[in-house]
Amino acid sequence: MSKFAARLGAALAALLLTATAQAQDFPKRAITMIVPFAAGGTSDVIARVVAEQMSAALGQPIVIENVAGAGGSTALTRASRAEPDGYTIAIGNAGTSAAAYTIYPKLSFTPDSFVPIAMVAKTFGIIALRKDFPAKDLAEFIAYARKNPGKINLGHAGVGSSNYLICKSFVQAAGIDATLVGYRGAAPALTDAVGGQIDGVCDAAASVSQSINEKLVKGIVVGSNVRLGTLPDVPTSAEAGLPEFEAQGWNGLFAPKGTPPAVIAKLNAAARSAVESDAVKKRFGDLSTVAPDANEHAPEVLQELVTRDVAKYRKLLADDAKQ
């Protein structure tokens, strides 16, 4: 063996030992979890619920940082450029971590810019209208929309968000022409629907259930194959006569590429502990959100979801890509 090869081997061994030691000590300080949307939306609520329990498992606080803009891409740009040491992670969904690559083809990051940590939640999309909208159910809404093409405004959390995908899936399934209005998060969109500034929202049950139950808006369909326990009066898409509308999503945690596998393993274990806890399951139940099954905790499962949905939304959003 040459002296150069020997020195190179020694250097690599030293780096490996250093990385191993850092992983064993991880975490020694607070972790930042970047949320790609404004406070109060689905991703934000789920992030805070999961982060609280992960903090308990890791013995260090997890600080939520809301970075809204560009349908979540502003946040993921920042996350992709963070030091790959496990102290900066991000929560993503099918919008920010799959559809965005079709909607924003010039992004500074790719799916390979991140390492999956774990899926942490399954969500269900709902279409909710302002309380005085002149339609009492889905059939009447579709009929109204077809008589008034382009005049209905549906709010979402920004182009590329999971709520935007709910909107796109819905209008395509319903065969209607509606104006999709982007906001910097689900919460401000819902606020405008409650106030009557827009006709309705495409949202996840986690953030709109309370407003529906308080009759501030009216839910007309949930993109699920079963009714949600927190919204027993909102029909499924099949019950409402639009089985083509499917809106079951996910939220997952990601770290920048290069984060040591041992650190990912610790974060995964903490995420698994969180979503298996009674506290998270109860809170998720209140939010019409479901924790992953026991066989869905591995990082590889989240990676498969990203790969699948990148292809799925490339087809769904073909028109967006041409603009």
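**Salt bridges and local backbone geometry**

Lys282 forms a salt bridge with Asp286, the closest N and O atoms being 3.5 Å apart; a salt bridge is defined here as a side-chain nitrogen of Lys or Arg within 4 Å of a carboxyl oxygen of Asp or Glu. The model is predicted, so that local features require pLDDT of at least 70 and side-chain atom pairs count only at pLDDT 80 or more, whereas totals for chains, interfaces and linings use all residues. Residues are numbered from 1 along each chain as its sequence is written, and side-chain values use heavy atoms, with hydrogens and water left out.

The two partners are 4 residues apart in helix H10, and are therefore separated by about one helical turn. Helices (H or I, at least four residues) and strands (E, at least two) are DSSP runs, numbered from the N terminus. Lys282 is exposed, at 58% relative accessible area, while Asp286 is partly exposed, at 42%. For these classes, buried denotes under 20% relative accessible area, exposed over 50%, and partly exposed in between (1.4 Å probe, protein chains only).

Over the whole structure, the search finds 11 salt bridges. Among them, Glu296 pairs with Lys122, with 2.9 Å between the closest N and O atoms. Glu296 is located in the loop between helix H10 (278-286) and helix H11 (299-316) and Lys122 in strand S4 (residues 114-130), so this pair ties together parts that are 174 residues apart in sequence. With a relative accessibility of 18%, Glu296 is classed as buried; Lys122, at 21%, is classed as partly exposed.

A further salt bridge joins Arg308 and Asp309, whose closest N and O atoms are 2.8 Å apart. Arg308 is partly exposed, having a relative accessible area of 46%, whereas Asp309 is buried, with a value of 1%. Salt bridges that share partners also join Lys122, Asp293 and Glu296 into one network.

Ser55 belongs to helix H2 (residues 42-58) and is buried, at 14% relative accessibility. When neighbours within four places in sequence are set aside, Ser55 is in contact with Gln60, Pro61 and Ile62, contact meaning heavy atoms within 4.5 Å. For Ile62, the backbone nitrogen lies 3.0 Å from a polar atom of the Ser55 side chain. The C-alpha atoms of Ser55 and Ala270 are separated by 7.9 Å, and these residues are 215 residues apart along the chain.

Backbone geometry was also examined. Most residues other than glycine have a negative phi, and most peptide bonds are trans. The peptide bond from Phe26 to Pro27, by contrast, is cis, with omega near -5 degrees. Pro27 lies in the loop between helix H1 (3-25) and strand S1 (31-35).

Positive phi angles occur at Lys215 and Ser288, neither of which is a glycine. For Lys215 the angle is about 60 degrees, and this residue is placed in the loop between helix H8 (205-213) and strand S8 (217-222). Lys215 is exposed, at 65% relative accessibility. For Ser288 the angle is about 55 degrees. Ser288 lies in the loop between H10 and H11, and its relative accessibility of 8% places Ser288 in the buried class. The loop between H10 and H11 is also the location of Glu296.

Definitions and conventions. A polar contact is a pair of N or O atoms within 3.5 Å; within protein, one must be able to donate a hydrogen and the other to accept it, and residues adjacent in sequence count only if both atoms are side-chain atoms.
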